[in-house]
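Have a look at the structure before reading on.

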Amino acid sequence: MNKAELIDSLAKAHFDGNKAVATRALNAVVDTISTEVASTGKVSITGFGVFEVIHREARVVRNPRTGERKQAEAMDLPRFRPGTDLKNRVEAAAGKRK
């Protein structure tokens, strides 16, 4: 599912088919999560999951094509850890597909 399909689904399920309102709602949620993770380092939505920043140390990496090794700098990266409710829904859906 891409963003446009998610907006369509939101509009049908929660906004009486109004795509403009669904778009504003989705953009507001994504923007707020992005801003808060960048500034505070963590956003936790109970049952859904945790958006957080992790630190990756500097390390040596290898180009698989050429075999060339070079130093990769240390960096902070966003990470998502799914919550219990999300894990349970995915597990239940996977069981239905089998």
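Helices (H or I, at least four residues) and strands (E, at least two) are DSSP runs, numbered from the N terminus. This is a predicted model, where local features need pLDDT of at least 70, side-chain atom pairs count only at pLDDT 80 or more, and totals for chains, interfaces and linings use all residues. Residues are numbered from 1 along each chain as its sequence is written, and side-chain values use heavy atoms, with hydrogens and water left out.

Let's begin with the loop. Aspartate 16 sits between helix H1 (3–14) and helix H2 (19–40). Its phi is near 50°, a positive value in a residue other than glycine. Aspartate 16 is also exposed, at 81% relative accessible area (buried means under 20%, exposed over 50%, partly exposed in between, with a 1.4 Å probe and protein chains only).

Now for the helices on either side. Two packed helices are described by the angle between their axes and the distance between the axes. For H1 and H2, the axes come within 8 Å and cross at roughly 115°; axes here are lines fitted to C-alpha atoms, for helices over the stretch in contact, with angles from 0 to 180 degrees between N-to-C directions. On the H1 side, Lys3, Leu6, Ile7, Asp8, Leu10 and Ala11 meet Lys19, Ala22, Thr23, Leu26 and Asn27 of H2, where contact means heavy atoms within 4.5 Å. By class, that contact has six nonpolar, two polar and three charged residues (Ala, Val, Leu, Ile, Met, Phe, Trp, Tyr, Cys and Pro count as nonpolar, Asp, Glu, Lys and Arg as charged, and the others, Gly among them, as polar).

On to the rings. Rings of Phe, Tyr and Trp (its six-membered ring) pair if their centres lie within 6.5 Å; planes under 30 degrees apart count as stacked, over 60 as edge-to-face and the rest as tilted. By this rule there are three aromatic pairs, including these two:

| Pair | Centre distance | Plane angle | Class |
|---|---|---|---|
| Phenylalanine 48 and phenylalanine 51 | 6.4 Å | 35° | tilted |
| Phenylalanine 51 and phenylalanine 80 | 4.8 Å | 45° | tilted |

The pair of phenylalanine 51 in strand E2 (residues 49–56) and phenylalanine 80 in strand E5 (residues 75–82) links distant parts of the chain, 29 residues apart. Phe48, Phe51 and Phe80 form one aromatic cluster. Phenylalanine 48 is partly exposed at 38% relative accessibility, phenylalanine 51 is partly exposed at 21%, and phenylalanine 80 is partly exposed at 33%.
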